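Hello,

Here is the structure I promised to pass on to you. Have a look at it first, and then read my notes below.

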Amino acid sequence: DTPVPNHFIRQIVIDDLEAGKHAVIQTRFPPEPNGYLHLGHAKSICLNFGLAQEFNGRCNLRFDDTNPAKEEQEYVDAIKEDVEWLGYHWAELRHASDYFELFYRCAVRLIQDGKAFVCDLNAEEVRAYRGTLTEPGKPSPYRDRSVAENLDLFNRMKAGEFDDGSRTLRAKIDMSSGNINLRDPALYRIRKVSHQNTGDAWCIYPMYDYAHALSDAFEGITHSLCTLEFEDHRPLYDWCLDSLPVWNMPELADELARLQLKPGRSRQIEFSRLNLDFLVMSKRKLLALVNDGLVSGWDDARMPTLRGIRRRGYTPEALRNFVRNAGVTKQESVLEYSLLENEVRNDLDARAERRMAVIDPLKLVITNLPADHQETLTLSNHPKDETKGQRQVGFASTVYIEREDFMEVPPKGFHRLVPGGEVRLRSVGIIKCEELIKDAEGQVIELRCSLDLTSRPGGPGADRKIKGTIHWVSAVHAIQAEVRLYDRLFTVADPDDDRDGKTYRDYLNPDSVRVVTAYLEASLQDIAPESRYQFERLGYFVTDRLDHQPGKPVFNRICTLRDSYAK
Ligand code: ATP
Ligand code: MG
Ligand code: MG
């Protein structure tokens, strides 16, 4: 990983530690388990866990599971696995639903302090009373209920006496505030739905802003980092913690101790979301792609989910470097996807061993070697790193080359093989194309070439200058593999912007995957899933983590060697 460039949140942490405001920092990553994590989440993960790591602090993984309807265990498990895959370890694994009793006691305290009331308006009426940006709201007719009546009604809400949606508990703040979030926001609603963690124990559920601020305080989060859309919610976050000093409320002590929580006041800091071109990232849209069968699943190698990105072969190191280099600011921006691909290339260029593979084979026979000629060549695994050692590669007089490395009628500047022309066959020597063999349709099916025997490695003509070098695999030695060649999932840079009545679904790239049978050098015979290689000249490839088996290889192309879109 590259060193951390400074950013405004990191500077706040440095200043707070220097000022002695905290002995250690405590952060958290708080996903809602209602979908799989995507590249945007990687920013939040790297930021929260990265700061804790750098400053010897702690970072919790907290499932924000206060909404009973949409959350599933499948997502919980996947999120844990994805965070670990990115290379991070949580100090504590927490569930906001573990705090239901604490949230409840805090609500009782608000009622006792005259800061919350039970409101009988329905959702539509609440909206009508709330006002607009230009118009102040009107107080609810239930706003002045007595403490005793509020306590009674709230407990009956909890006991299940009332229907869903018939009553809410609302904060009593300011119906004329310029910030609509402060116009007596709901703190609790009635939902008679079982919850995946707490079952039917509760039928009142806390609202996001209230639960989030309190969860942070219960866990002693020092820096609560969230995306910019919560900036307008910060006054409510602060109101909750001003009204409920949970670190100093005797009625919470036993429950905090039971949960081994050390509460403290937290501070919310917002940063801009990570957006990438040529992608959609919202969970809702990704879910629709999965449900409508437009991709093979959440872990389709074209998906911007962490599962998809992993399946595609991207490394956690590349992702972390990408996020780090993207920086942390309050400016909204859309980053180029190619920046991420470049991080992958940088990482794999250094780490991936080289191999030869041919994805679109054209037979080439060397006519001046005996037809049954075979030999074993020793090739280095990495041109810039001797420690990666060498391997044996079988060579014989019939090889496959890449069809695009030959042209009968070449355009200007084509430095590969042409009729009568010469090219270096990687690690073998210089060959000359003497003859073409075509099938009945006129398609070239075989090249017959002579090998300049003096040009073989170690020979007197080995250094003879020649423009092009092409790769190959030996026909008798090669193994076959399924290879999936991926392209962008969307054809436009901004598939999220609906225009001309079209939506992101109209911009799906129909050619985003092509599956071919390729010929590989035999050293790739018995390798594990998730092994990454550079196939010379073709790109970086990974054995598919689900479908690959030794003996039945399946490779995904991670990316090409150069940005094929760059102008
Ligand atoms: P989505 O909008 O895709 O459904 P979300 O924000 O609802 O995402 P959460 O599970 O609530 O998803 O997100 C967990 C954390 O990840 C939150 O702190 C959220 O702010 C952060 N996060 C989500 N998307 C991004 C993004 N694109 N860039 C940076 N952080 C993000
Ligand atoms: Mg969210
Ligand atoms: Mg969401």
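**Two packed helices**

Helix H12 (residues 316-326) packs against helix H13 (residues 337-351) at an angle of about 135°, and their axes are 8 Å apart. Before going on, please note that this is a predicted model, in which local features need pLDDT of at least 70, side-chain atom pairs count only at pLDDT 80 or more, and totals for chains, interfaces and linings use all residues. Residues are numbered from 1 along each chain as its sequence is written, while chains are lettered from A and ligands numbered from 1 in the order in which they are written.

The angle makes H12 oblique to H13 (under 35 degrees counts as roughly parallel, over 145 as roughly antiparallel, 65 to 115 as roughly perpendicular and the rest as oblique). Axes are lines fitted to C-alpha atoms, for helices over the stretch in contact, and angles run from 0 to 180 degrees between N-to-C directions. Helices (H or I, at least four residues) and strands (E, at least two) are DSSP runs, numbered from the N terminus.

Which residues of H12 and H13 make the contact? H12 brings Glu317, Ala318, Asn321 and Phe322, and H13 brings Leu339, Leu340, Glu343, Val344 and Asp347 (contact means C-beta atoms, placed from the backbone, within 7 Å). By class, this contact has five nonpolar, one polar and three charged residues (Ala, Val, Leu, Ile, Met, Phe, Trp, Tyr, Cys and Pro count as nonpolar, Asp, Glu, Lys and Arg as charged, and the others, Gly among them, as polar).

**A sheet with helices on it**

Next, find the open sheet of four strands, in the order E4-E5-E6-E7, with antiparallel pairing (strands pair if DSSP finds at least two bridges between them). Strand E4 (116-119) and strand E7 (204-206) are at the edges with a single partner strand each, so one side of each has no neighbour in the sheet. From one strand to the next, the twist averages 20°.

E4 pairs with strand E5 (residues 168-171) over four bridges. Helix H4 (residues 100-112) packs on the sheet and touches E4, E5, strand E6 (186-190) and E7, its direction making about 100° with that of E4. Helix H6 (residues 147-159) also packs on the sheet, and its direction makes about 60° with that of E4.

**Around the ligand**

Finally, ligand 1 is surrounded by 14 residues (each with its C-beta atom, placed from the backbone, within 6 Å). The largest share of this shell, four residues, comes from H2.

Enjoy exploring!

Terms used: Two residues are in contact if their C-beta atoms, placed from the backbone, lie within 7 Å.
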